[in-house]
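Reader: Could you walk me through this structure and show me how each description is reached?
Author: Gladly! Have a look at it, and then we will take your questions one by one.

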Amino acid sequence: MSVSNMQELFIDELKDLYSAEKQITKALPKMAKAATSQELKQAFLSHLEETNGQIQRLEQILEKLEKSPRGKTCAGMKGVLEEGSEVLADTDKGPVRDAAMIAAAQRVEHYEMAGYGSAREFALLLGEQEIVTLLDETLAEEKAADKKLTGIAKQVNAEAKLA
Ligand SMILES: [Fe+2]
């Protein structure tokens, strides 16, 4: 897909986010399964549910723009998630693995926050107020998920230190 104006860049960014979210829905169940902390497991599972809602939002947005959500692979998220699965290969189940998974998951959240932040600015610039609102809802969820992980990390890291 060639990108020569802001409208096309906006669509490209949305497709990229769609691909990223799709990849995340495949990774989160594995991360939940690998987690020892019940709180962390629950956080991954509830973010999975949230992510499905975020996918629906992107579908709604792209439908409004009369574009398909498909056609792009987010290579950045692929790399971030690959690092996340390395964590599972490099650690045994327990608090150290949990601490490492939180570090990986927070990278995912920050990557998404960057993408959604840019996309909502593009939407604002292009006068797509309804889309700005939808993207802001997702952005708020990603920020909250990141903050929640920071909280869980306090407990998990302290336990991991004793391991
Ligand atoms: Fe997300």
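**Reading a helical model**

Author: The protein chain has five helices and zero strands. Please keep in mind that this is a predicted model.

Reader: In what order do the elements of the protein chain run from the N terminus on?
Author: They run α-α-α-α-α.

Reader: What share of the contacts in the protein chain with a separation of 6 or more comes from residues 24 or more positions apart?
Author: Such residues account for 76% of those contacts. As for burial, 35% of the 163 residues count as buried.

Reader: How do you know that the span of helix α1 agrees with its number of residues?
Author: Helix α1 covers residues 6-34, which is 29 residues. At 1.5 Å a residue it should span 42 Å, and its end C-alpha atoms are 41 Å apart, so the two agree.

Reader: Where does α1 bend?
Author: The bend is at alanine 27 and comes to about 25°. A proline, proline 29, follows within four residues.

Reader: How do α2 and α4 do in that length check?
Author: α2 has 27 residues and reaches 39 Å from its first C-alpha to its last, close to the 39 Å expected. For α4, 31 residues should span 45 Å, and the end C-alpha atoms are 45 Å apart, so that agrees too.

Reader: Which residues of α2 are buried, and what do they pack against?
Author: The buried residues are Leu40, Ala43, Phe44, His47, Thr51, Gln54, Leu58 and Ile61. They pack against α1, α4 and α5. A helix has 3.6 residues a turn, so residues three or four places apart point the same way.

Reader: Which residues have the most contacts inside the largest nonpolar core?
Author: They are Leu14, Leu17, Met31, Met101, Ile102, Ala105 and Ala119, in a core of 38 residues. Each of α1, α2 (38-64), α3 (75-90), α4 (95-125) and α5 (129-162) supplies at least two residues of this core. Take methionine 101: leaving out residues up to four places away in sequence, it touches Met31, Ala34, Ala35 and Val87.

Reader: Why is glycine 84 called buried?
Author: Glycine 84 is found in helix α3. A residue is buried if 20 or more other C-beta atoms lie within 10 Å of its own. Glycine 84 has 22 such neighbours, so it counts as buried. Not counting residues up to four places away in sequence, glycine 84 touches Ala27 and Ala104.

Reader: And why is glutamate 66 called exposed?
Author: Glutamate 66 sits in the loop between α2 and α3. The cut-off for exposed is 12 or fewer neighbours, and glutamate 66 has 7 inside 10 Å, so it counts as exposed.

Reader: What is the phi of glutamate 66?
Author: It is near 60°, a positive value in a residue other than glycine. This comes just after α2. After α4 there is a positive phi in glycine 127, near 75°.

Reader: Which residues are they in contact with, leaving aside neighbours within four places in sequence?
Author: Lysine 72 is in contact with Asp12, Lys15, Asp16 and Ser19. Threonine 73 is in contact with Ser19 and Lys78.

Reader: How far apart are threonine 73 and alanine 20?
Author: In sequence they are 53 residues apart, and in space 7.5 Å, C-alpha to C-alpha. For lysine 72 and aspartate 146, the values are 74 residues and 25 Å.

Definitions and conventions:
Residues are numbered from 1 along each chain as its sequence is written. This is a predicted model: local features need pLDDT of at least 70, side-chain atom pairs count only at pLDDT 80 or more; totals for chains, interfaces and linings use all residues. Two residues are in contact if their C-beta atoms, placed from the backbone, lie within 7 Å. The expected span of a helix is 1.5 Å times one less than its number of residues. The bend at a residue is the angle between axes fitted to the seven residues ending there and the seven starting there. A nonpolar core is a set of buried Ala, Val, Leu, Ile, Met, Phe, Trp, Tyr and Cys residues joined through C-beta atoms within 7 Å.
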